[in-house]
Amino acid sequence: MTPAATAHTANTQHMSWLGKSEAWLDSKGKGAWIAAMVLGFVFFWPVGLALLFYMIWSKDMFKKSRSNSCGRSRRMHMMSTSGNSAFDSYRDETLRRLEDEQRSFEDFLQRLREAKDKAEFDDFMDERAKTAAEPKETEDA
């Protein structure tokens, strides 16, 4: 037996069957918890419901996985220097240019939205003025 396996069995010796099953499911991961919940719903729905409430209550299902943090560190590593100063300056200049283009495009979209809103408001006001003027014309006749 490995030391980890010995420690695992030593930790579970004094646990209840419920604690042992929880430790076993935790060692298998989120998929085991979901499979247990589905089987609980299939065979006896209160067990599935209890597992669902337990998973929500314990908040373990909503923690970020390690793969997300690995991807984030990988992206940060890509932003560091490559060792080639010509490539680094080209990359920095290209990223700066793309950020400027994105900013100018977002400004263009904002101006476009404002122009559309103004046109719609002007149409509304013209229509309102027409409806306000119509009853006076009919009353005069």
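The legends below describe close-up views of a predicted model.

**Figure 1. The chain as a whole is built from helices and has no strands.** The secondary structure comes to six helices and zero strands. Read from the N terminus, the order of elements is α-α-α-α-α-α. The chain has 141 residues, and 13% of them count as buried. Among contacts with a separation of 6 or more, 15% are between residues 24 or more positions apart.

**Figure 2. Helix 3 spans residues 30–43.** This helix has 14 residues. From its first C-alpha to its last it reaches 20 Å, close to the 20 Å expected at 1.5 Å a residue. Ala 32, Trp 33, Ala 36, Met 37 and Gly 40 are the buried residues to look for in helix 3. They lie on the same side of helix 3 because they cover an arc of only 135° around the axis. An α-helix has 3.6 residues a turn, so residues three or four places apart point the same way.

**Figure 3. The largest nonpolar core has seven residues.** Its members are Leu 25, Ala 32, Trp 33, Ala 36, Met 37, Leu 51 and Met 55. Helix 3 and helix 4 are the elements that give two or more residues to this core. Helix 3 gives the most, with four residues.

**Figure 4. Met 55 is a core residue found in helix 4.** Its relative accessibility is 5%, so Met 55 counts as buried, the cut-off being under 20%. Met 55 and Lys 30 are 25 residues apart along the chain. Their C-alpha atoms are separated by 9.7 Å.

**Figure 5. Tyr 54 and Trp 57 form an aromatic pair.** A search of the whole structure finds two aromatic pairs, and the one shown here is tilted. The rings of Tyr 54 and Trp 57 are 6.0 Å apart, centre to centre, with 45° between the planes. Tyr 54 and Trp 57 are separated by about one helical turn, because they are three residues apart in helix 4. Tyr 54 is partly exposed, with a relative accessible area of 27%. Trp 57 is exposed, and its relative accessible area is 66%.

**Figure 6. Asp 88, in helix 6, makes a polar contact with Ser 82.** The contact joins the two side chains at 2.9 Å. Asp 88 has a relative accessible area of 10%, so it is buried. Not counting residues up to four places away in sequence, Asp 88 touches Thr 81, Ser 82 and Gly 83. Ser 82 is therefore both a residue that Asp 88 touches and its partner in the polar contact, given the limit of 3.5 Å for such a pair.

**Figure 7. Thr 94 lies in helix 6, which covers residues 85–140.** The side chain of Thr 94 reaches the backbone oxygen of Tyr 90 at 2.8 Å. Thr 94 counts as buried because its relative accessibility is 16%, and the cut-off for buried is under 20%.

Note on methods: Residues are numbered from 1 along each chain as its sequence is written. This is a predicted model: local features need pLDDT of at least 70, side-chain atom pairs count only at pLDDT 80 or more; totals for chains, interfaces and linings use all residues. Side-chain values use heavy atoms; hydrogens and water are left out. The expected span of a helix is 1.5 Å times one less than its number of residues. Buried means under 20% relative accessible area, exposed over 50%, partly exposed in between (1.4 Å probe, protein chains only). The arc is that of the directions from the helix axis to the C-beta atoms. A polar contact is a pair of N or O atoms within 3.5 Å; within protein, one must be able to donate a hydrogen and the other to accept it, and residues adjacent in sequence count only if both atoms are side-chain atoms. A nonpolar core is a set of buried Ala, Val, Leu, Ile, Met, Phe, Trp, Tyr and Cys residues joined through side-chain atoms within 4.5 Å. Rings of Phe, Tyr and Trp (its six-membered ring) pair if their centres lie within 6.5 Å; planes under 30 degrees apart count as stacked, over 60 as edge-to-face and the rest as tilted. Contact means heavy atoms within 4.5 Å.
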